[in-house]
Amino acid sequence: MAVPELDEQRIEEVEELSEKTEKKIVKRVRKILGKENLYQVSERQVREEASEKLGIDLAVEPYKSVVRRAVQDFLEKLKSHGIRPGVQSHLKSVGTN
């Protein structure tokens, strides 16, 4: 069964992730993580909230991978600064702005 032409165009659009879009996603994810208790929020919840704010379906690739990397990078920064994930008072020092 052939894939409709419209779907092929959509796939191409999704596959082309601009640097500007990626930066917007990462910034939004950091902002969300900066206000959440990281013991109580899931990557999926972060992705869904960011999707709402940005108007982009972040549940599809390559967006989903960008969110995952942004979450992992955020947690690594916390760890490298010796900050526990549930502590929000020092998050500005790890670049949540």
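**Helices and salt bridges of a predicted model**

At 24% relative accessibility, Glu43 counts as partly exposed; the classes are buried for under 20% relative accessible area, exposed for over 50%, and partly exposed in between, with a 1.4 Å probe and protein chains only. Glu43 lies in helix 3 and Arg68 in helix 4, so the pair ties together parts that are 25 residues apart in sequence. The link between Glu43 and Arg68 is a salt bridge whose closest N and O atoms are 3.3 Å apart, a salt bridge being a side-chain nitrogen of Lys or Arg within 4 Å of a carboxyl oxygen of Asp or Glu. Arg68 is itself partly exposed, at a relative accessible area of 34%.

The structure is a predicted model, in which local features need pLDDT of at least 70, side-chain atom pairs count only at pLDDT 80 or more, and totals for chains, interfaces and linings use all residues. Residues are numbered from 1 along each chain as its sequence is written, and side-chain values use heavy atoms, with hydrogens and water left out.

The overall architecture comes next. The chain contains 4 helices and 0 strands, giving the pattern α-α-α-α along the sequence. Helices (H or I, at least four residues) and strands (E, at least two) are DSSP runs, numbered from the N terminus. Of the 97 residues in the chain, 26% are buried. Contacts are defined by heavy atoms within 4.5 Å; among those in the chain between residues at least 6 apart in sequence, 63% join residues at least 24 apart. The chain exposes about 6,900 Å², with carbon and sulfur atoms supplying 47% of it. Accessible areas come from the Shrake-Rupley method with a 1.4 Å probe, and for residues only the protein chains shown count as cover.

The buried residues of helix 2 are Ile25, Val26, Val29, Ile32, Leu33 and Gly34. They pack against helix 3 (43–54) and helix 4 (63–80).

Arg47 is buried, with a relative accessible area of 11%. Ser51 is likewise found in helix 3 and counts as buried at 16% relative accessibility. Leaving aside residues up to four places away in sequence, Ser51 touches Ile56, Asp57 and Leu58.

The structure holds 7 salt bridges. One of them joins Glu36 and Lys35, with the closest N and O atoms 3.4 Å apart. Lys35 is exposed, at 51% relative accessibility, whereas Glu36 is partly exposed, at a relative accessible area of 22%. Together with Glu49, Lys35 and Glu36 are linked in a network of salt bridges.
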